[in-house]
Amino acid sequence: MAAANMKPEIDPLDLRRALGRFGTGVTVITTRTFDGTRVGVTANSFNTVSLEPPIVLWSLATKSPNLENFRNAGRFVVNVLALHQMDLSGRFSRPAPDKFAGVEYADGLGGLPVLTGCTATIECAVINSHTVGDHMLFLGRVERYTYEDAAPLLFHNGKYIEATVITPPPAAAPARNAAC
């Protein structure tokens, strides 16, 4: 395989550029600590694992100051951001004394914050977590979910993007066999 950009050694910043070519949705993962403090982080590492049973996963950097909060909570909510919620992506990606100040949310299962206006929310119980490289993977069993018909917030190549519906061309008719 000959590619103009192939590198013999892995440069983490260059690898990040390559990985950024994979477009993703944007989520805010929320939980509560034992003392009731609301916690939320922006993540695009969310994915489905299984429908039977319903399991999803997401990951958080092991250097995150919120790692222990999520490890100890036993529950999390995946809030899939809608296009109009770009500001929430930025808000929850940076440290702040109260990331929830002025943010509309409702209490979900276990009192966890479920953000209002998302294209989907998925409430989960942690079934396992694993340290893999420099991230902690959280696997969660889906206990409740909601969704709306709203345009999602997407991220690609270091930028937010909008989705465009593409109508595929009609499939070619199968060739007919004269012998049939």
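Trainee: Leaving aside neighbours within four places in sequence, which residues is phenylalanine 138 in contact with?

Mentor: This is a predicted model, in which local features need pLDDT of at least 70, side-chain atom pairs count only at pLDDT 80 or more, and totals for chains, interfaces and linings use all residues. Residues are numbered from 1 along each chain as its sequence is written, and side-chain values use heavy atoms, with hydrogens and water left out. Contact means heavy atoms within 4.5 Å. Once its neighbours within four places are set aside, phenylalanine 138 touches Val56, Leu57, Trp58, Leu60, Leu67, Phe70, Arg71, Phe76, Asn128 and Ser129.

Trainee: Which residues have the most contacts inside the largest nonpolar core?

Mentor: A nonpolar core is a set of buried Ala, Val, Leu, Ile, Met, Phe, Trp, Tyr and Cys residues joined through side-chain atoms within 4.5 Å. Buried means under 20% relative accessible area, exposed over 50%, and partly exposed in between, with a 1.4 Å probe and protein chains only. In the largest core, of 18 residues, those with the most contacts are Ile29, Trp58, Leu60, Phe70, Phe76 and Phe138.

Trainee: Which elements give two or more residues to this core?

Mentor: Helices (H or I, at least four residues) and strands (E, at least two) are DSSP runs, numbered from the N terminus. The elements in question are E3, strand E5 (54-61), helix H2 (67-73), strand E6 (75-80), strand E9 (120-132) and strand E10 (135-147).

Trainee: Why is the pair of tryptophan 58 and phenylalanine 76 classed as it is?

Mentor: Rings of Phe, Tyr and Trp (its six-membered ring) pair if their centres lie within 6.5 Å; planes under 30 degrees apart count as stacked, over 60 as edge-to-face and the rest as tilted. By this rule there are eight aromatic pairs. For tryptophan 58 and phenylalanine 76 the centres are 6.0 Å apart and the planes stand at 65°, so the pair is edge-to-face.

Trainee: How many residues apart are tryptophan 58 and phenylalanine 76?

Mentor: Both residues are buried. Tryptophan 58 belongs to strand E5 and phenylalanine 76 to strand E6, so that the pair links distant parts of the chain, 18 residues apart.

Trainee: Is phenylalanine 100 buried or exposed?

Mentor: The rings of phenylalanine 100 and tyrosine 105 have centres 5.7 Å apart and planes at 70°, so this pair is edge-to-face. Tyrosine 105 has a relative accessible area of 28% and is partly exposed. Phenylalanine 100, with a relative accessible area of 3%, is buried.

Trainee: Which strands does the buried part of helix H3 pack against?

Mentor: Helix H3 covers residues 86-93, and Leu88, Ser89, Gly90 and Phe92 are buried in it. The buried residues of H3 pack against strand E2 (27-32), strand E3 (38-43), strand E8 (113-115) and strand E12 (159-161).

Trainee: What is the bridge partner of histidine 156?

Mentor: Two strands pair if DSSP finds at least two bridges between them. Strand E11 (residues 154-156) and E12 pair in the antiparallel sense over three bridges. In E12, the partner of histidine 156 is lysine 159.

Trainee: How many residues apart in sequence are the parts tied together by arginine 38 and aspartate 98?

Mentor: A salt bridge is a side-chain nitrogen of Lys or Arg within 4 Å of a carboxyl oxygen of Asp or Glu, and the search of the whole structure finds seven. Arginine 38 and aspartate 98 form one of them, at 3.4 Å from N to O. Arginine 38 lies in strand E3 and aspartate 98 in the loop between H3 and strand E7 (105-107), so the parts tied together are 60 residues apart.

Trainee: In which helix do glutamate 68 and arginine 71 both lie?

Mentor: The side chains of glutamate 68 and arginine 71 meet in a salt bridge, 3.5 Å from N to O. The two residues are three apart, about one turn, and both lie in helix H2.
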